[in-house]
Amino acid sequence: PIFRQQKGHNSMSRLCIHDVSAFAASLHAAAAEPLPGGAARSEQKWRAKVAGGNGDCPFQSWRDAALASVVAAAAVAVGRPAQRCVRTRNVCIAGNCTSVVAQTELSRPQVFEVPLFGVEDSYIALDLKLGSNNKVCRFMLDNRSPLTLIQKSCASSLHAKKVLCSNPPQVTLGSAKLGNLDCGEFHAVPVQMSLPPDCCGVISMDFLQRFDWEFDVGGGKVKVARASCATDESQPFDVEGLKRVSLERRKVPNVNLGIDSELICAPAQIGRQGLAAAAALLGSLGTFSIACNAYFFFGSITHCSADVASALALGHEDYPGNGRSITDPSGMVQNFQDYGLSVVIGDGAAQLVTQVCVGHSSLQNFSFTPGIPTLVVGLDVFKRSRIVLSLRRCCLWMDCKS
């Protein structure tokens with residue numbers, strides 16, 4: 001699917017690259033595929049005319065063919081002739097060796113950095129430039145809605161146009177830019193809702209999934225790149241030192257909107273902090289830890305369902321909570337009890353200790369799977385360090401500092 005083989009004279013072939021960027025991004029996956037049946041014996045007879053070259057290049061394997069194609073494209077890009085000899089691990093452009101790592105760099109999408117705004121533990125927001133006039137509008141980030149939202153009054157003032165045959169009804173605000181990144185046409189659902197005074201709408205899953213993200217909530221900045229087919233090695237952000245969490249995109253009924261929201265989650269274990277050795281002593285007070293589904297919300301603090309609190313006997317005399325007041329994005333103050341708990345996310349690579357609220361109203365907006373305890377990981381955890389999110393690849397990388 002990445003390239004086609006055109007038969008020529010004497011069983012010779014010409015390699016035609018249809019989409020060099022897609023080819024480069026798919027290099028690792030394509031090179032790992034086995035040869036087609038019956039091709040092994042004639043494999044060494046493969047030849048190709050590479051861009052800028054005058055002779056034939058012997059291909060020793062499908063991997064060599066893949067590397068040669070990418071290098072040929074790179075040679076054209078820099079105005080140099082391509083190599084005539086291909087090796088298993090290294091290839092040459094005008095006599096200079098270029099490693100496989102260098103070829104991987106060709107597939108990395110461009111990264112843009114923009115400011116991140118918000119209020120601690122309440123919300124985060126981005127500035128978008130909308131329409132032909134590049135009107136700057138601030139949008140809160142909240143992945144709990146399936147579609148991006150905009151206040152009706154703001155949509156009217158921006159002269160938004162209706163999108164025909166959209167359900168629910170949407171409007172288009174023309175082209176959008178995030179910093180210098182062209183985000184294409186921007187659609188949103190006009191609504192009447194409570195928002196922070198400096199925000200005119202909510203960026204949600206439909207927009208977030210179009211890009212890969214690196215959030216530095218504490219540092220007040222975010223890096224963004226177009227979502228691509230990059231592997232772990234060629235993705236746009238540095239994830240060294242971060243823990244990788246595989247995510248599941250799960251549809252959950254949204255009670256408020258009357259439609260399903262696609263939420264991101266991972267299996268997790270949650271338990272009392274530092275009581276592993278005393279688990280056998282808990283008895284009727286509950287077990288040390290229980291399995292749960294951990295959902296990741298950008299518009300909330302970390303909290304858990306009532307069945308988690310009941311199973312762990314939170315609030316009992318041997319494990320009292322602390323009172324906590326939180327201001328939500330609309331400015332309302334809510335009071336909760338929170339507890340220091342240990343959380344293990346995914347396969348155990350991500351482990352953290354955090355304060356967890358009980359009784360947060362956010363859980364009432366969804367019909368989660370009955371009988372399965374629920375944990376929401378929120379901004380108070382995300383702000384500890386940078387996190388990398390790729391909804392396309394269903395992966396999250398995070399630093400589990402306590």
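## A buried arginine

Arg-272 is buried, with a relative accessible area of 0%. The model is predicted. Buried here means a relative accessible area under 20%, so Arg-272 at 0% falls in that class.

Arg-272 belongs to strand 19, which covers residues 259–272. The Arg-272 side chain has two polar partners to look at. Its contact with the side chain of Asp-318 is a polar one, at 2.7 Å. A polar atom of the Arg-272 side chain also lies 3.1 Å from the backbone oxygen of Ala-313.

## A buried aspartate in a loop

Asp-142 sits in a loop. Is Asp-142 buried or exposed? Asp-142 is buried, because its relative accessible area of 9% is below the 20% cut-off.

Which residues does Asp-142 touch, leaving aside those up to four places away in sequence? They are Val-202, Ile-203, Ser-204 and Gly-299.

Strands of a sheet pair through backbone hydrogen bonds. Strand 6 is joined to strand 16 (residues 221–226) by five bridges, and the two run antiparallel. Val-114 has Val-222 of strand 16 as its bridge partner.

Key
Residues numbered from 1 in each chain as written. Predicted model: local features only at pLDDT ≥ 70, side-chain atom pairs only at ≥ 80, totals over all residues. Heavy atoms only, no water. Helix = DSSP H or I, 4+ residues; strand = E, 2+ residues; numbered from the N terminus. Buried < 20%, exposed > 50% of the residue type's maximum accessible area, 1.4 Å probe, protein only. Polar contact = N/O pair within 3.5 Å; in protein donor to acceptor, adjacent residues only side chain to side chain. Contact = heavy atoms within 4.5 Å. Pairing = 2+ DSSP bridges.
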